[in-house]
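Visitor: Could you walk me through this one while I have the model open? I'd like to ask things as they occur to me.

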Amino acid sequence: MIIKTLEVGPLQSNCYVVGCEATHKGVIIDPGAEAERILACVKECGLEIEWLLDTHGHADHIGAQADLKEALPEARIACHETESESLADSNKNLSAMFGLPMTSPSPDWTLSHDDEVPVGDLRLQVIHVPGHTAGGLAFYCEDGGDGFGAVFAGDALFAGSIGRADLPGGAMDELLNAIRTRLLSLPPETRVYPGHGEPTTIEHEARFNPFLI
Ligand SMILES: [Zn+2]
Ligand SMILES: [Zn+2]
């Protein structure tokens, strides 16, 4: 499994370029900003991008989506149904609040809990993790390389922290419940690739994350 991390934009969001080594099919998770850099990474990896996947609809995770959709017309956009409103609305995706209103093209596919996104020989399992936003998603691949799984957690779970629940659509009890029941239940050695900051593991967060212990 190919996993490239690009820290993009003023909020240093993690954009992940993910691909299947055998087929060179790929996806871009959270194209937050800096389309040119993301495209250069895709080219360098030799990937054919099939999906633009959004963990949620905040501007710092979808800011480059319109440009990438134009540059990669074959790539389809997928997010949770609830988040599609944020893609189309600069108030809901918070970009208007930062004085740089933007929108994204509509999703081609709306995702639900337990859906699977095929990426060549890989399968990304869709996990609904509400609480930072109502339609927050994580994407889990059983075979993330080295025999361990990988989960792309968006702004739900960070190394040593969790996402904000005080923005529209947020709810702290839902966030904690979803993290506990749907993320911490993954195999302990699973690598966590969060929406901001350094990667971690499920085991490390279950043992040391001050919000979860
Ligand atoms: Zn967010
Ligand atoms: Zn974010």
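What follows is a conversation about the overall build, one of the sheets and a few individual residues.

Visitor: Before anything else, what sort of model is it, and how are things numbered?

Guide: It is a predicted model, in which local features need pLDDT of at least 70 and side-chain atom pairs count only at pLDDT 80 or more, while totals for chains, interfaces and linings use all residues. Residues are numbered from 1 along each chain as its sequence is written, chains are lettered from A and ligands numbered from 1 in the order in which they are written, and side-chain values use heavy atoms, with hydrogens and water left out.

Visitor: How many helices and strands does the protein have?

Guide: The protein has 6 helices and 14 strands, where helices (H or I, at least four residues) and strands (E, at least two) are DSSP runs numbered from the N terminus. Its radius of gyration, taken over C-alpha atoms, is 16 Å, close to the 17 Å that the globule rule (2.2 Å times the number of residues to the power 0.38) gives for 213 residues, so the protein is as compact as a globular protein of that length. The C-alpha trace spans about 45 × 40 × 30 Å along its principal axes.

Visitor: And what percentage of the residues count as buried?

Guide: Of the 213 residues, 53% count as buried; that label means under 20% relative accessible area, with exposed over 50% and partly exposed in between, using a 1.4 Å probe and protein chains only. Looking at contacts (heavy atoms within 4.5 Å) between residues at least 6 apart in sequence, 59% join residues at least 24 apart.

Visitor: Changing topic, what is the strand order in the open sheet of 6 strands?

Guide: The order is S7-S8-S9-S10-S13-S14, and the pairing is mixed; two strands pair if DSSP finds at least two bridges between them. Strand S7 (116–119) and strand S14 (200–201) stand at the edges with a single partner strand each, so one side of each is left without a neighbour in the sheet.

Visitor: How does S13 pair with S14, and with S10?

Guide: Strand S13 (residues 191–194) pairs with S14 in the antiparallel sense over 2 bridges, whereas 4 bridges join strand S10 (residues 150–154) to S13, and those two run parallel. Valine 192 has threonine 200 in S14 as a bridge partner, and valine 192 is also the partner in S13 of valine 151. Arginine 191, for its part, is bridged to threonine 201 in S14.

Visitor: What sits in the turn between S13 and S14?

Guide: These strands form a hairpin with 5 residues between them, and glycine 197 in the turn has a positive phi of about 85 degrees.

Visitor: Is isoleucine 202 buried or exposed, and what does it touch?

Guide: Isoleucine 202 is buried, with a relative accessible area of 2%, and lies in helix H6 (residues 202–208). Leaving aside residues up to four places away in sequence, isoleucine 202 touches Leu183, Leu184, Leu186, Pro187, Pro188, Thr190 and Val192.

Visitor: Where is glycine 147, then?

Guide: Glycine 147 lies in the loop between strand S9 (137–141) and S10, and is exposed at a relative accessible area of 65%. Glycine 147 and threonine 190 are 43 residues apart in sequence, yet 9.5 Å apart in space, C-alpha to C-alpha.

Visitor: Moving to strand S3, how many of its residues are buried, and what are its partners?

Guide: Strand S3 (residues 25–29) is mostly covered, with 4 of its 5 residues buried. S3 is joined to strand S2 (residues 13–19) by 4 antiparallel bridges, and to strand S4 (residues 48–53) by 5 bridges, in the parallel sense.
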